[in-house]
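Have the viewer open and follow along.

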Amino acid sequence: MTREKTLDLTYGALFTALIAVCAWISIPAPKPFVPFTMQTFAVFSAVMVMGGRRGLMSIIAYLLIGAAGAPVFAGFRGGPGVLLGNTGGYLIGFAALALVYWLITNLFGDALWVKILSGAAGLIACYAFGTAWFMISGAGGSGYAGIISSLSLCVFPFVIPDIIKMAMAVMLSVRLKPFENNK
C-alpha cells in the first residue's frame, strides 16, 4: 500500500469518526423536528479539509456504518430505519452536499471564495434533499407536510447555526492548509 493510500484511509476514517462524534453532540427535538447537531460542522470539515472526493467517501462510510446498525446518528441511533425515517433525507443530503462541493471545486479550484460558495451551494442541496424527503415521508406520521411548514420545521431554524458551522469549517481548513499533501 502506498503512503498516499494509507493517508487517504487514515484521514477518511478520522473524518468518518468525527462525523459520528459530532452527531452525538446534539440538542434533541421531539418528532417531527430535526435535532440540532454538530455533524454539519464535521461534514463541512471533511469536504473542506480533504476535498470533495475524499470527503464524500467519509460521508458514505458514515452512512453505511449507521445503516448497518451502529449507533452513529443523533441520539445514539442507528439502522436503516433512521435513514428511511422523516429526517433521514438530511443525512443522505450530506452526500449531496459533498457532491455539489466536489463539482464546484473541480470546476473553479479551491480558493477561499470557492470553498465558501461550494459549501453554501452544498448546504442548499442538503436542505433541498432533506426537505423533499421530509415532505414525502409524511412529516413523521402526521400526513403530507407542506413546503412552508416543512421549511419552518427543518430549515429556517438551522440556517444561522449551519452558516456558523460552515464558517468554523472554513477556518479549520485554512489553518490546516499548510499541512496538506494533496486532495
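## Helix α3 and what covers it

In α3, the buried residues are Gly52, Arg54, Gly55, Leu56, Ser58, Ile59, Tyr62, Leu63 and Gly66. They pack against α1, α2, α4 and α5. Keep in mind that this is a predicted model, so read every value here as computed from it.

The helix length works out too: the 16 residues of α3 should span 22 Å at 1.5 Å a residue, and the end C-alpha atoms are 22 Å apart, so the two agree.

## How α1 meets α3

Two packed helices are described by the angle between their axes and the distance between the axes. For helix α1 (residues 3-24) and helix α3 (residues 52-67), the axes come within 9 Å and cross at roughly 55°. The pair is therefore oblique, α1 to α3. As for handedness, the α1 and α3 crossing is right-handed.

Which residues make the contact? On the α1 side they are Asp8, Tyr11, Gly12, Phe15, Thr16, Ile19, Ala20 and Ala23, and on the α3 side Arg53, Arg54, Ser58, Ile59, Ala61, Tyr62 and Ile65. Sorted by type, the residues of this α1 and α3 contact are nine nonpolar, three polar and three charged. Arg54, Ser58, Ile59 and Tyr62 from that α3 set are also among the buried residues of the helix.

An α-helix has 3.6 residues a turn, so residues three or four places apart point the same way.

## Helix α2, covered along its length

How much of α2 is buried? The helix is mostly covered, with 12 of its 12 residues buried. By name, they are Gln39, Thr40, Phe41, Ala42, Val43, Phe44, Ser45, Ala46, Val47, Met48, Val49 and Met50. The elements covering them include α1, β2 (36-37), α3, α5, α6 and α8.

On length, α2 has 12 residues and reaches 16 Å from its first C-alpha to its last, close to the 16 Å expected at 1.5 Å a residue. Gly51 follows the helix, and its phi is positive, near 100°.

## Helix α6 and its crossing with α7

Helix α6 (residues 112-136) has 25 residues, and the distance from its first C-alpha to its last is 36 Å, close to the 36 Å expected at 1.5 Å a residue. Its buried residues are Val114, Lys115, Ser118, Gly119, Gly122, Leu123, Cys126, Tyr127, Gly130, Thr131, Phe134 and Met135. What do these pack against? The partners are α2 (39-50), α5 (88-108), α7 (147-154) and α8 (159-176).

Take the α7 partner. The axes of α6 and α7 are 10 Å apart, and the two helices pack at an angle of about 120°. That makes α6 oblique to α7. The crossing of α6 with α7 is right-handed. On one side are Thr131, Phe134 and Met135 of α6; they meet Ile147, Ser150, Leu151, Leu153 and Cys154 of α7. The residues of this α6 and α7 contact split into six nonpolar, two polar and no charged.

Asp162 is found in helix α8. Is it buried or exposed? Asp162 has 4% relative accessibility, so it counts as buried.

Leaving out residues up to four places away in sequence, Asp162 touches Thr40, Phe44, Leu123 and Tyr127. Thr40 and Phe44 are among the buried residues of α2, while Leu123 and Tyr127 are among those of α6.

Most residues other than glycine have a negative phi, and most peptide bonds are trans. Phe76 has a positive phi, near 55°, and is not a glycine. Phe76 sits in the loop between α3 and α4 (80-84). Its relative accessibility is 54%, so Phe76 counts as exposed.

Met1 lies in the segment before α1. With 75% relative accessibility, Met1 counts as exposed. Setting aside neighbours within four places in sequence, Met1 is in contact with Thr6 and Leu9. The C-alpha atoms of Met1 and Ile59 are separated by 23 Å, with the two residues 58 apart along the chain.

Terms used:
Residues are numbered from 1 along each chain as its sequence is written. This is a predicted model: local features need pLDDT of at least 70, side-chain atom pairs count only at pLDDT 80 or more; totals for chains, interfaces and linings use all residues. Side-chain values use heavy atoms; hydrogens and water are left out. Axes are lines fitted to C-alpha atoms, for helices over the stretch in contact, and angles run from 0 to 180 degrees between N-to-C directions. Helices (H or I, at least four residues) and strands (E, at least two) are DSSP runs, numbered from the N terminus. Angles under 35 degrees count as roughly parallel, over 145 as roughly antiparallel, 65 to 115 as roughly perpendicular and the rest as oblique. A crossing is left-handed if the near helix is turned anticlockwise from the far one by less than a right angle, and right-handed if clockwise. Contact means heavy atoms within 4.5 Å. Ala, Val, Leu, Ile, Met, Phe, Trp, Tyr, Cys and Pro count as nonpolar, Asp, Glu, Lys and Arg as charged, and the others, Gly among them, as polar. The expected span of a helix is 1.5 Å times one less than its number of residues. Buried means under 20% relative accessible area, exposed over 50%, partly exposed in between (1.4 Å probe, protein chains only).
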